[in-house]
Amino acid sequence: MRRCRYRGQGKAHIQHVLTAIAVNIERLSGLPPAEETPSSRRPTAFQHYLDQREIPRPQSWRTLGT
């Protein structure tokens with residue numbers, strides 16, 4: 001990784017980005033799989049405001065618990 005295969009700043013930058021992606025993929029492949037399901041988050045203040053006034057939330061805002 002110390003020596004760049006290509007000449008020119010643009011090509012060198014692309015090589016560095018691709019090298020970083022490869023390193024990150026290698027790191028992620030060594031992690032144990034996450035077995036826990038993500039916990040649902042509490043409603044935000046704005047969502048709470050909408051619920052108090054019985055204003056329907058957009059479908060994309062709905063949490064698992066509501």
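1. Glu54 counts as exposed, with a relative accessibility of 71%. The scale used here: buried is under 20% relative accessible area, exposed is over 50%, and partly exposed lies in between (1.4 Å probe, protein chains only). Glu54 sits in the segment after α2. Its phi is positive, about 55°, although Glu54 is not a glycine. Most residues other than glycine have a negative phi.

2. On provenance: this is a predicted model, where local features need pLDDT of at least 70, side-chain atom pairs count only at pLDDT 80 or more, and totals for chains, interfaces and linings use all residues. Residues are numbered from 1 along each chain as its sequence is written, and side-chain values use heavy atoms, with hydrogens and water left out.

3. The protein chain has 2 helices and 0 strands. Both terms refer to DSSP runs numbered from the N terminus: helices are H or I with at least four residues, strands are E with at least two. Of the chain's 66 residues, 8% count as buried. The accessible surface of the chain is about 6800 Å², and carbon and sulfur atoms hold 55% of that. Areas come from the Shrake-Rupley method with a 1.4 Å probe; for residues, only the protein chains shown count as cover.

4. A nonpolar surface patch is formed by Ile14, Val17, Leu18, Ile21 and Ile25. Together they have about 460 Å² of accessible area. Patch residues need over 30% relative accessible area and no salt bridge; nonpolar side chains (Val, Leu, Ile, Met, Phe, Trp, Tyr) are joined within 5 Å, like charges within 9 Å. A salt bridge puts a side-chain nitrogen of Lys or Arg within 4 Å of a carboxyl oxygen of Asp or Glu. Ile21 belongs to helix α1 (residues 9-29). Ile21 is partly exposed, at 43% relative accessibility.

5. The ring centres of Phe46 and Tyr49 are 6.4 Å apart and their planes are at 15°, so the pair is stacked. The cut-offs: Phe, Tyr and Trp rings (for Trp, the six-membered one) pair if their centres lie within 6.5 Å; planes under 30 degrees apart are stacked, over 60 edge-to-face, the rest tilted. Phe46 and Tyr49 are 3 residues apart in helix α2 (residues 45-52), so about one helical turn separates them. Phe46 is partly exposed at 46% relative accessibility. Tyr49 is also partly exposed, at 40%.
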